[in-house]
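Subject: Handing over the structure

Dear colleague,

Here is the structure that I promised to pass on to you. Please open it beside this email, and read the notes below with the chain in view.

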Amino acid sequence: MIPCFIEAIVAHQPRGRLDTHDLVARVPGWDAEKVIKKTGIHSRPIVAPGETASDLAAIAAEKLFAGGVDRAEIDALILVTQSPDYVLPASACLLQARLGLRDTTAAFDVNLACSGLPYMLWLGRSLIASGSARKVLLLFADTYSRYCRDDVTIASLFSDGAAAVLLGADEKRAIAKVGPSLLGTDGASGEALIVRQGGARSAARGEPFTPLQLEMDGPAIFSFALARIKPQVEALLGQVGTTKDDVDRWYLHQANKFMLEALRTKLGVAAERCPIDVADVGNAATASLPMLLARQLAAGAIPPRCRSLVIGFGVGLSWGTSWVEWV
């Protein structure tokens with residue numbers, strides 16, 4: 001089997017910023033300090049008027065190309081987003097032209113969010129292992145702030161951002177080797193995190209178009225994460241042939257401080273092995289995990305020969321865990 005490597009990771013945050021104190025001031029009786037203590041989020045990046053997720057993704061991709069990646073080598077472009085420019089065509093197709101990629105490049109969107117990175121490591125590794133592609137460009141971008149207009153409860157969590165991850169078969173360019181992944185789906189609980197407006201279902205019912213609004217059952221999502229992640233992690237560690245004590249870093253989707261600390265406790269992981277990085281980033285949904293890895297790399301916080309688990313969970317409901325060994 002042809003091995004798969006991560007060759008580059010970069011992140012991009014929009015320039016706009018919303019402070020938690022300013023956000024919470026909209027709701028009489030709310031205490032900003034209590035919100036910050038629970039979520040760990042002091043502020044979050046927000047897109048400008050007229051700016052979309054594909055704009056953020058394009059900037060992230062151009063950062064990657066500026067770092068030495070040859071756009072002519074890209075065989076597949078996969079955009080992971082739940083904030084597409086249009087119902088159709090796929091935003092990835094438009095990005096293929098915008099980024100100047102070859103017209104032989106496969107380009108498509110994937111409608112996933114917080115579990116997107118493990119899913120795409122699984123898919124990208126499969127493409128490379130089969131010989132179908134040598135270079136796979138993964139773009140992750142979302143603008144969840146536009147789905148949270150009327151609900152400060154969720155607006156206090158979500159942010160906007162993008163990241164680009166290049167997968168390839170060239171060990172000489174590797175920063176990490178991608179190992180096996182395990183994935184999960186529970187569509188029966190899908191309405192726990194949903195935007196009902198704007199799709200074919202509401203149109204088929206003849207419902208008038210209304211602004212898109214995210215609905216979230218927080219307790220259900222919390223219970224889902226606590227119940228599903230640990231068994232999957234244990235199964236993957238068994239497949240890899242190791243134990244949790246041999247995992248140097250646990251990279252979890254950066255939902256919020258409260259959930260991350262609860263998951264860390266449930267998994268029995270020491271705090272220093274499970275970074276929390278939400279203070280000035282928030283929950284960037286699709287971009288959360290790759291953005292965390294990009295920031296950890298930039299800070300020199302990933303130790304040499306680090307063995308890690310990359311764990312995502314959220315909309316779908318879906319969850320995934322990938323084994324990644326850093327060079």
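A polar contact is a pair of N or O atoms within 3.5 Å, and within protein one of the two must be able to donate a hydrogen while the other must be able to accept it. Please keep in mind throughout that this is a predicted model.

The side chain of Asp160 reaches the backbone nitrogen of Val47 at 2.9 Å. Along the chain, Asp160 and Val47 are 113 residues apart, and yet their C-alpha atoms are separated by 6.3 Å. Apart from its neighbours within four places in sequence, Asp160 is in contact with several residues, including Pro14, Pro45, Ile46, Leu56, Asp142 and Tyr144. Is Asp160 buried or exposed? Its relative accessibility is 0%, and buried means under 20%, so Asp160 counts as buried.

Next, the sheet. In what order do the strands of the open sheet lie? There are 9 of them, and the order is E5-E4-E6-E7-E1-E8-E13-E12-E11, with mixed pairing. The edge strands are E5 and E11 (249-252), each of which pairs on one side only. From one strand to the next, the twist averages 25°. As a general point, the strands of a sheet pair through backbone hydrogen bonds, either parallel or antiparallel, and you can find an example of each sense here. Strands E12 (residues 307-314) and E13 (residues 318-326) run antiparallel and are joined by 8 bridges, with Phe313 standing opposite Trp319 in E13. Strands E4 and E5, by contrast, pair in the parallel sense over 5 bridges, and there the bridge partner of Leu79 is Asp109 in E5.

Helix H10 (residues 288-298) lies across E1, E6, E7, E11, E12 and E13, and runs at about 90° to E1. In helix H4 (residues 91-98), the buried residues are Ser91, Ala92, Leu95 and Gln96. Seen down the axis of H4, these buried residues fall within an arc of 150°, so they line one face of the helix. What do the buried residues of H4 pack against? Their partners are helix H3 (53-66) and the strands E4 (76-80), E5 (106-110) and E6 (135-143). After H4 comes Gly100, whose phi is positive, near 70°.

Finally, the charged side chains. The structure holds 13 salt bridges. In one of them Lys135 pairs with Glu7, and the closest N and O atoms are 2.7 Å apart. Lys135 lies in strand E6 and Glu7 in strand E1, so this pair ties together parts that are 128 residues apart in sequence. Lys135 is buried, with a relative accessible area of 8%, and Glu7, at 10% relative accessibility, counts as buried as well.

Another salt bridge joins the side chains of Arg295 and Asp280 (2.9 Å, N to O). That pair links distant parts of the chain, since Arg295 is in helix H10 while Asp280 is in the loop between helix H9 (257-267) and H10, 15 residues apart. Arg295 counts as partly exposed at 26% relative accessibility, and Asp280 counts as partly exposed at 34%. Salt bridges that share partners also join Glu73, Asp170 and Arg173 into one network.

Definitions and conventions. Residues are numbered from 1 along each chain as its sequence is written. This is a predicted model: local features need pLDDT of at least 70, side-chain atom pairs count only at pLDDT 80 or more; totals for chains, interfaces and linings use all residues. Side-chain values use heavy atoms; hydrogens and water are left out. Buried means under 20% relative accessible area, exposed over 50%, partly exposed in between (1.4 Å probe, protein chains only). Helices (H or I, at least four residues) and strands (E, at least two) are DSSP runs, numbered from the N terminus. The arc is that of the directions from the helix axis to the C-beta atoms. Contact means heavy atoms within 4.5 Å. Two strands pair if DSSP finds at least two bridges between them. Axes are lines fitted to C-alpha atoms, for helices over the stretch in contact, and angles run from 0 to 180 degrees between N-to-C directions. A salt bridge is a side-chain nitrogen of Lys or Arg within 4 Å of a carboxyl oxygen of Asp or Glu.
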